Amino acid sequence: MFYVDDLEGEFKRINELGIEITTEIESKPWGVKVFTFRDPDGHGVHFLEKL
């Protein structure tokens with residue numbers, strides 16, 4: 001799980017690299033936006049941005 005300052009920018013960058021995104025950007029009720037992708041070993045990696 002990694003906090004970033006520009007979630008949309010990171011989403012675009014990861015998507016352009018052809019990495020499998022498993023969840024689109026979502027706003028969560030606990031005050032973050034998040035998306036998830038899979039690393040080369042198949043583990044889920046979460047990028048978050050505070051709202």
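1. Basis. The model is predicted: local features need pLDDT of at least 70, side-chain atom pairs count only at pLDDT 80 or more, and totals for chains, interfaces and linings use all residues. Residues are numbered from 1 along each chain as its sequence is written, and side-chain values rest on heavy atoms, with hydrogens and water left out.

2. Sheet. An open sheet of mixed pairing is formed by 4 strands in the order β1-β4-β3-β2. Helices (H or I, at least four residues) and strands (E, at least two) are DSSP runs, numbered from the N terminus; two strands pair if DSSP finds at least two bridges between them. Because β1 (2-3) and β2 (21-28) stand at the edges with a single partner strand each, one side of each has no neighbour in the sheet. The strands β2 and β3 run antiparallel and are joined by 5 bridges. T23 stands opposite T36 in β3.

3. Aromatic pairs. The whole structure holds 5 aromatic pairs. Rings of Phe, Tyr and Trp (its six-membered ring) pair if their centres lie within 6.5 Å; planes under 30 degrees apart count as stacked, over 60 as edge-to-face and the rest as tilted. One of the pairs, F35 with F37, is tilted, at 6.1 Å centre to centre and 35 degrees between the planes. The pair F35 and F47 is edge-to-face, at 5.7 Å and 65 degrees. F35 lies in strand β3 (residues 32-38) and F47 in strand β4 (residues 44-50), so this pair ties together parts that are 12 residues apart in sequence. One aromatic cluster is formed by F2, F11, F35, F37 and F47.

4. Buried means under 20% relative accessible area, exposed over 50%, and partly exposed in between (1.4 Å probe, protein chains only). F35 is buried at 0%, F37 at 8% and F47 at 9%. Not counting residues up to four places away in sequence, F35 touches several residues (heavy atoms within 4.5 Å), including L7, E10, T23 and H46.

5. Charge over a ring. K50 lies over the face of Y3, at 5.7 Å from the ring centre. The criterion is NZ of Lys or CZ of Arg within 6 Å of the ring centre and within 35 degrees of the ring normal.
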